[in-house]
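Dear colleague,

I am passing on the model that we discussed, with some notes on its surface and its charged pairs. Please look through it alongside the text below.

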Amino acid sequence: MISIRIQNLTKRFGAVVALDRINLEIAPGELFFLLGPSGCGKTTTLRCIAGLEEISGGEIHISDELVSTADHSIPPEKREIG
């Protein structure tokens, strides 16, 4: 099963900070929801995890594999998540 760990995830769009040092851990098999108002960063967070957005800072780990930093990113098709 897959686990996800996010450490200090930051995403900027120009001068706009969309995600500011997000920390999150989802255990294998855990049911997890992202809830919040429009514009709070739910979709941006999911796009970063999937590899569809490059992150500005922090780290994303999927099953203990580092898949994304500001300097390095594994392509979405090699992350084996949907």
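Surface patches here are made of residues with over 30% relative accessible area and no salt bridge, where like charges are joined within 9 Å and nonpolar side chains (Val, Leu, Ile, Met, Phe, Trp, Tyr) within 5 Å. Accessible areas come from the Shrake-Rupley method with a 1.4 Å probe, and for residues only the protein chains shown count as cover. By that rule, Leu31, Phe33 and Leu35 make a nonpolar surface patch of about 440 Å². Leu35 lies in the loop between strand S2 (16–26) and helix H1 (42–50), helices (H or I, at least four residues) and strands (E, at least two) being DSSP runs numbered from the N terminus. Leu35 counts as exposed because its relative accessibility is 77%, where buried means under 20% relative accessible area, exposed over 50%, and partly exposed in between (1.4 Å probe, protein chains only).

Please keep in mind that this is a predicted model, in which local features need pLDDT of at least 70 and side-chain atom pairs count only at pLDDT 80 or more, while totals for chains, interfaces and linings use all residues. Residues are numbered from 1 along each chain as its sequence is written, and side-chain values use heavy atoms, with hydrogens and water left out.

As to the overall fold, the chain has one helix and four strands, which follow the pattern β-β-α-β-β along the sequence. The C-alpha trace spans about 35 × 30 × 20 Å along its principal axes, and 32% of the 82 residues count as buried. The accessible surface of the chain comes to about 5400 Å², of which 52% belongs to carbon and sulfur atoms.

Turning to charged pairs, a salt bridge is a side-chain nitrogen of Lys or Arg within 4 Å of a carboxyl oxygen of Asp or Glu, and the count comes to four. One of them joins the side chains of Arg5 and Asp64 (4.0 Å, N to O), and this pair links distant parts of the chain, 59 residues apart, with Arg5 in strand S1 (residues 4–13) and Asp64 in the loop between strand S3 (57–62) and strand S4 (65–68). Arg5 is partly exposed at 27% relative accessibility, whereas Asp64 is exposed at 66%. Arg47 and Glu53 also meet through their side chains in a salt bridge (3.1 Å, N to O), and Lys11, Arg47 and Glu53 are linked in a network of salt bridges.
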